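Work through the exercises below with the sequence and the model side by side. Each task is followed by a solution in steps.

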Amino acid sequence: MILTAENYYRREANEQYMSCSQFKSFLSCEASALAGLRGEYGSETTTAMLIGSYVDAYFEGTLESFKNEHPECFKRDGSLKSEYLHADNMIQRAERDKLFMRYMSGEKQRILTGEIAGVPFKIKIDSYLDGICITDLKCIKDLKPVWDEDARQRKHFINYWGYDIQ
């Protein structure tokens, strides 16, 4: 199967290729991960996820279509909700950082496939500069440790959200 932007998130692609998100879902709960692959279960889209997608859309040049597809980003009067105004502030701050913008100047949403331990994997890269860097955008609330109820301890946000696995 040749992966494209149109089929990357489809069930057939997820059945043929493992992704980091799938891998992390299997680590969390195998039953729900399998149900997700069969289309029997899906996770709810949160405001935090939408904010991250909003910022991604800006940097890949698709923000206007994102806004058209997500009316939940707007108040009744048609203006952006405060969370998305804050996302605009994050974008403006990022644009002032020359090194960050250099890293974001690569090919957007580059799809690559490969194998890890014999398992076919797929990845969609936010910005790919061949031979220089892979940039994966993350929008986070803050840099403070996050309470992990299962471990009954605070964890660095990178570990808590599984970014270290990515």
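**Exercise 1. Placing a residue**

In which loop is A117 found?

Solution. A117 lies in the loop between strand 1 and strand 2 (119-129). Strands here are DSSP runs of E with at least two residues, helices are runs of H or I with at least four residues, and both are numbered from the N terminus. The model is a predicted one, in which local features need pLDDT of at least 70 and side-chain atom pairs count only at pLDDT 80 or more, while totals for chains, interfaces and linings use all residues. Residues are numbered from 1 along each chain as its sequence is written, and side-chain values use heavy atoms, with hydrogens and water left out.

Next, look at the backbone. Most residues other than glycine have a negative phi. A117 is not a glycine, yet its phi is positive, about 55°. Then take accessibility: buried means under 20% relative accessible area, exposed over 50%, and partly exposed in between (1.4 Å probe, protein chains only). With a relative accessible area of 82%, A117 is exposed.

Q109 also has a positive phi of about 55° without being a glycine. Q109 sits in strand 1 (residues 107-116).

**Exercise 2. Salt bridges**

State how many salt bridges the structure holds, then describe three of them.

Solution. Start from the rule: a salt bridge is a side-chain nitrogen of Lys or Arg within 4 Å of a carboxyl oxygen of Asp or Glu. Side chains of opposite charge can pair when their charged atoms come close. The structure holds seven salt bridges.

- Step 1: E107 and R110 are joined by a salt bridge with an N to O distance of 3.1 Å. E107 is partly exposed at 41%, and R110 is partly exposed at 25%.
- Step 2: K155 and D148 form a salt bridge at 3.0 Å, N to O. K155 is partly exposed, with 27%, whereas D148 is buried, with 10%.
- Step 3: In the salt bridge of R152 with E149, the closest N and O atoms are 2.6 Å apart. R152 is exposed at 54%, while E149 is partly exposed at 48%.

**Exercise 3. The surroundings of R110**

Find the element that holds R110 and list the residues that R110 touches.

Solution. R110 is in strand 1. Contact means heavy atoms within 4.5 Å. Leaving out residues up to four places away in sequence, R110 touches I123, K124, I125 and Y128. For a distance along the chain, compare R110 with R10: they are 100 residues apart in the chain, and their C-alpha atoms are separated by 17 Å.

**Exercise 4. Two helices**

Describe how helix 2 packs against helix 3.

Solution. First, the geometry. Axes are lines fitted to C-alpha atoms, for helices over the stretch in contact, and angles run from 0 to 180 degrees between N-to-C directions. Helix 2 (residues 20-28) and helix 3 (residues 30-37) pack at about 140°, with their axes 6 Å apart. Helix 2 is therefore oblique to helix 3; angles under 35 degrees count as roughly parallel, over 145 as roughly antiparallel, 65 to 115 as roughly perpendicular and the rest as oblique.

Second, the residues. Helix 2 contributes Q22, S25, F26 and S28 to the contact, and helix 3 contributes E30, A33, L34 and L37.

Third, the classes. Ala, Val, Leu, Ile, Met, Phe, Trp, Tyr, Cys and Pro count as nonpolar, Asp, Glu, Lys and Arg as charged, and the others, Gly among them, as polar. The contact has four nonpolar, three polar and one charged residues.

**Exercise 5. Aromatic pairs**

How many aromatic pairs are there, and which rings form a cluster?

Solution. Rings of Phe, Tyr and Trp (its six-membered ring) pair if their centres lie within 6.5 Å; planes under 30 degrees apart count as stacked, over 60 as edge-to-face and the rest as tilted. By this rule there are six aromatic pairs.

- Step 1: The ring centres of Y58 and F59 are 5.1 Å apart and the planes stand at 90°, so this pair is edge-to-face. Y58 is partly exposed at 29%, whereas F59 is buried at 10%.
- Step 2: F59 and F100 have ring centres 5.7 Å apart and planes at 75°, so this pair is edge-to-face. The pair links distant parts of the chain, with F59 in helix 4 (residues 47-60) and F100 in helix 7 (residues 98-103), 41 residues apart. F100 is partly exposed, at 22%.
- Step 3: Y54, F66 and Y84 are linked into a cluster by ring pairs.
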